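Colleague: Could you pick one part of this model and take me through it closely, friend to friend? I would also like to hear how the terms are defined as you go.

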Amino acid sequence: MSRTDPESRAVGALIRWYGREGHDLPWRRTRDRWAVLVSEVMLQSTQVSRVVPYYEAWMSRWPTAADLAAAPLGDVLAQWQGLGYPRRARNLHAAAAVIARDGWPPTDRLTDLPGVGAYTAAAVRCFADGEAVLPEDVNVRRVIARRFPGGWPGTPRGRGWDVGQALMDLGREVCSARAPRCDDGCPLRKGCPAADAGVVHEVTPRARRQGRYEGSLRQRRGTLLRALAEQGRAPVSADPEAAESLVDDGLAERRGRSLVPVASAAR
Ligand code: SF4
């Protein structure tokens, strides 16, 4: 890729746009792997604005993997309360134990850590290590599909972090699925094939469909976990299926006919 070809110029425009418009988020002020991993796990399925206070409280309580590994799982789950998908907290706790005991796995085996899939591994490599690896969430995939249908043209040396963050922000705020702002400040408008052809909405990779939340097992599990946090126990008979699912996932314990939180330092 030559620095003067149109695709390279587009990547340069994207980086400059991020320099002007990029958001200052707490996990963007660090290159610490643990902090990046915590933020990425929290950001899975949860909006940025909701994650910020949880992330800050979490990192001030458990600033390192060793700190989290030493904490009782009950405390970890209680701190997670309200973020949703508590299995993520359990996996983070398990990953912390591995890191505290064995250190980080080799870069190409980050997915060996509990709860770390290909996307999260790429995010750690990009946002902590600064590698030119693109973590491709649905926002990033949408920008690439629309603007670079032949594939990502390449990241300039040393700019992996900026490019990854820029694509995230652009996909979320400018090249969105429903209301793309092609002619309202998009730095990639010049030469954008989807916009030029007037087919932007048609070029929209599908997000993973979530089933209905109302009445779902996920909602009932959340209700039961909230009851446990507030009252300390709940009858299994209140929702046997949700209770069994929480016990199977190690997110609660059965005591006789009651469900109780997993052991916490507070008890
Ligand atoms: S011009 Fe439109 S479709 Fe192309 S990258 Fe920008 S917002 Fe997305």
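Modeller: Happy to! Helices (H or I, at least four residues) and strands (E, at least two) are DSSP runs, numbered from the N terminus. Please keep in mind that this is a predicted model, where local features need pLDDT of at least 70, side-chain atom pairs count only at pLDDT 80 or more, and totals for chains, interfaces and linings use all residues. Residue numbers start from 1 along each chain, following the sequence as written.

Tyr-85 sits in the loop between helix H5 (73–80) and helix H6 (87–102). Tyr-85 is not a glycine, yet its phi is positive, about 45°. It counts as partly exposed because it has 17 C-beta neighbours inside 10 Å; the cut-offs are 20 or more other C-beta atoms within 10 Å for buried, 12 or fewer for exposed, and in between for partly exposed, with C-beta atoms placed from the backbone. Ser-45, in the loop between helix H2 (33–43) and helix H3 (48–61), is another residue other than glycine with a positive phi, near 70°. Ser-45 has 12 C-beta neighbours inside 10 Å, so it counts as exposed.

Helix H11 (residues 217–231) packs against helix H12 (residues 240–248) at an angle of about 80°, their axes being 9 Å apart. This is why H11 is roughly perpendicular to H12. Axes here are lines fitted to C-alpha atoms, for helices over the stretch in contact, and angles run from 0 to 180 degrees between N-to-C directions; under 35 degrees counts as roughly parallel, over 145 as roughly antiparallel, 65 to 115 as roughly perpendicular and the rest as oblique. H11 contributes Leu-217, Arg-220, Arg-221, Leu-224 and Leu-225 to the contact, while H12 contributes Glu-241, Ala-242, Ala-243, Ser-245 and Leu-246. Two residues are in contact if their C-beta atoms, placed from the backbone, lie within 7 Å. Sorted by class, this contact of H11 with H12 has six nonpolar, one polar and three charged residues. Nonpolar covers Ala, Val, Leu, Ile, Met, Phe, Trp, Tyr, Cys and Pro; charged covers Asp, Glu, Lys and Arg; the others, Gly among them, count as polar.

Strand E2 (residues 252–255) and strand E3 (residues 258–261) run antiparallel and are joined by four bridges, where pairing asks DSSP for at least two bridges between the strands. Ala-252 is set opposite Pro-261 in E3. Two residues lie between the strands of this hairpin, in which Gly-256 takes a positive phi near 60°.

Apart from neighbours within four places in sequence, Leu-259 touches residues including Leu-224, Leu-228, Ala-243, Leu-246 and Ala-252. Leu-224 is also one of the residues by which H11 meets H12, as are Ala-243 and Leu-246 on the H12 side. From C-alpha to C-alpha, Leu-259 is 9.3 Å from Glu-244, with 15 residues separating them in sequence.
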